[in-house]
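This briefing is for a reader meeting the structure for the first time. It covers salt bridges, helices, annotated spans and a surface patch.

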Amino acid sequence: MIKKYLNKFFIYFICFSIVFVYIVNVKVVWIDLIESSIYRIPYLLLFTILTTLLGWSLFKTMFTDPGRVPQNWGFFLNDPEQKKRKFCLICHIFKPERCHHCSACNRCVLNMDHHCPWINNCVGFQNRKFFMQMLFYVILDSYCAVIGLGYGLYIEFENIMLYFNSEGDLHFIDALLLLCAFGISCLASCLITMFFKFHLELVLSNRTTIENLEKKRNEETGQQNDDFNQYDLKPYYNWVQVFGMSKLSWFLPIQMEGGRPVGDGILWPKNHHNDSLLLKDHASNPIYNGKGDNFQMQQYNNQLFHSNNQQFRSSSTQHQ
């Protein structure tokens with residue numbers, strides 16, 4: 001019960017903060033304090049666009065299904081025994097690789113990154129792109145707000161100095177609102193910048209937050225000595241697995257043609273320059289040789305860009 005109310009509080013707080021900072025920045029600073037400026041219209045237009053994209057990406061992250069495991073999913077007959085044992089006792093399904101059960105959502109999520117209480121949803125295969133876009137627009141919007149609110153605080157400080165010299169009026173409420181909005185914007189810009197940097201590194205290395213934690217845990221216990229990541233296909237290919245092939249959709253929170261995540265979230269191509277970690281499954285065609293050059297690009301295109309849902313479903317139906 002407490003967790004449920006906390007999730008609602010996080011959602012209401014982040015929505016209130018976005019609206020509050022926008023209203024204070026536009027109304028108090030650029031309408032009341034700054035009556036005439038050549039930067040007024042361009043700034044307000046830019047700030048409105050960024051805030052709109054932020055709200056749009058937040059909405060898409062919150063209400064997009066992060067990745068539901070298909071009902072007809074099961075292991076293949078020639079899969080390793082360890083993979084066959086990945087069975088979720090709660091959802092009663094076999095979990096594909098990189099799939100984890102979320103205790104908060106009470107479901108298994110494909111390529112689960114983490115559960116985010118701020119959006120009351122998991123970040124997974126289908127909405128990781130929107131989550132990254134949301135962080136990106138939070139940073140741009142907060143930086144833009146810091147500039148505008150900082151300028152407003154500077155003008156308000158001059159008004160306070162004039163007030164003490166009996167030459168002006170003091171607007172205490174406006175000054176307090178400016179200070180609160182400026183503090184929220186500064187805090188968001190600092191924290192989200194570090195958070196975005198962390199998640200950008202994960203995307204470019206084709207890791208999730210859960211996999212990164214498992215890697216650190218294995219290193220601490222001595223179970224893993226090297227930093228080999230079998231899913232790392234070079235930054236560009238890692239990027240399109242999350243953001244899709246369409247460059248326009250990289251910056252817009254839309255699911256246009258070519259803007260969907262590449263693949264199906266179940267079968268994953270692998271980097272096999274370390275043959276000792278080669279996995280004999282249906283997604284194990286070597287597509288990258290670890291030397292920085294293209295290798296078997298046709299296999300990559302066939303396996304990723306055109307997806308393999310039909311091949312997977314026909315094979316699973318045949319073996320089940």
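Lys197 and Glu201 form a salt bridge, with their closest N and O atoms 2.8 Å apart; a salt bridge here is a side-chain nitrogen of Lys or Arg within 4 Å of a carboxyl oxygen of Asp or Glu. The model is predicted, so local features need pLDDT of at least 70 and side-chain atom pairs count only at pLDDT 80 or more, while totals for chains, interfaces and linings use all residues. Residues are numbered from 1 along each chain as its sequence is written, and side-chain values use heavy atoms, with hydrogens and water left out.

**Salt bridges**

- Lys197 and Glu201 are four residues apart in helix H5, so about one helical turn separates them. Helices (H or I, at least four residues) and strands (E, at least two) are DSSP runs, numbered from the N terminus.
- Glu201 is partly exposed, at 44% relative accessibility. Buried means under 20% relative accessible area, exposed over 50%, and partly exposed in between (1.4 Å probe, protein chains only).
- The structure has six salt bridges.
- One of them joins the side chains of Lys270 and Glu97, at 3.2 Å from N to O. Lys270 sits in the loop between helix H7 (235-243) and helix H8 (297-305), and Glu97 in the loop between strand E2 (93-94) and E3, so this pair ties together parts 173 residues apart in sequence.
- Lys270 is buried, with a relative accessible area of 0%, and Glu97 is buried at 10%.
- Asp113 pairs with Arg128 in a salt bridge whose closest N and O atoms are 3.4 Å apart. Asp113 belongs to the loop between strand E4 (107-109) and E5, and Arg128 to helix H4 (residues 128-164), so parts 15 residues apart in sequence are tied together. Both Asp113 and Arg128 are buried.

**Helix H6**

- Helix H6 (residues 209-221) has 13 residues and should span 18 Å at 1.5 Å a residue; its end C-alpha atoms are 18 Å apart, which agrees. The expected span is 1.5 Å times one less than the number of residues.
- Thr209, Ile210, Glu211, Asn212 and Lys215 are the buried residues of H6. These buried residues pack against strand E3 (100-102), E5 and helix H5 (172-204), where contact means heavy atoms within 4.5 Å.

**Around Ala145**

- Ala145 lies in helix H4 and counts as buried, at 1% relative accessibility.
- Leaving out residues up to four places away in sequence, Ala145 touches Val21, Asn25, Tyr43, Phe47, Gly150 and Ser185.
- The C-alpha atoms of Ala145 and Val26 are 9.5 Å apart, although 119 residues separate the two along the chain.

**Annotated spans**

- An unreviewed UniProt entry places the feature "transmembrane region" at residues 9-31, 37-59, 134-155 and 175-196. UniProt positions follow the numbering used here, feature names are shortened, and annotations may be inferred rather than shown by experiment.
- Residues 9-31 are 100% helix and 0% strand, with end C-alpha atoms 31 Å apart.
- Residues 37-59 are 87% helix and 0% strand, and their end C-alpha atoms lie 33 Å apart.

**Surface patch**

- Phe9, Phe13 and Trp118 make a nonpolar surface patch of about 320 Å². Patches are made of residues with over 30% relative accessible area and no salt bridge, with like charges joined within 9 Å and nonpolar side chains (Val, Leu, Ile, Met, Phe, Trp, Tyr) within 5 Å. Accessible areas come from the Shrake-Rupley method with a 1.4 Å probe; for residues, only the protein chains shown count as cover.
- Trp118 is in the loop between strand E5 (114-116) and strand E6 (121-123), and is partly exposed at 37% relative accessible area.
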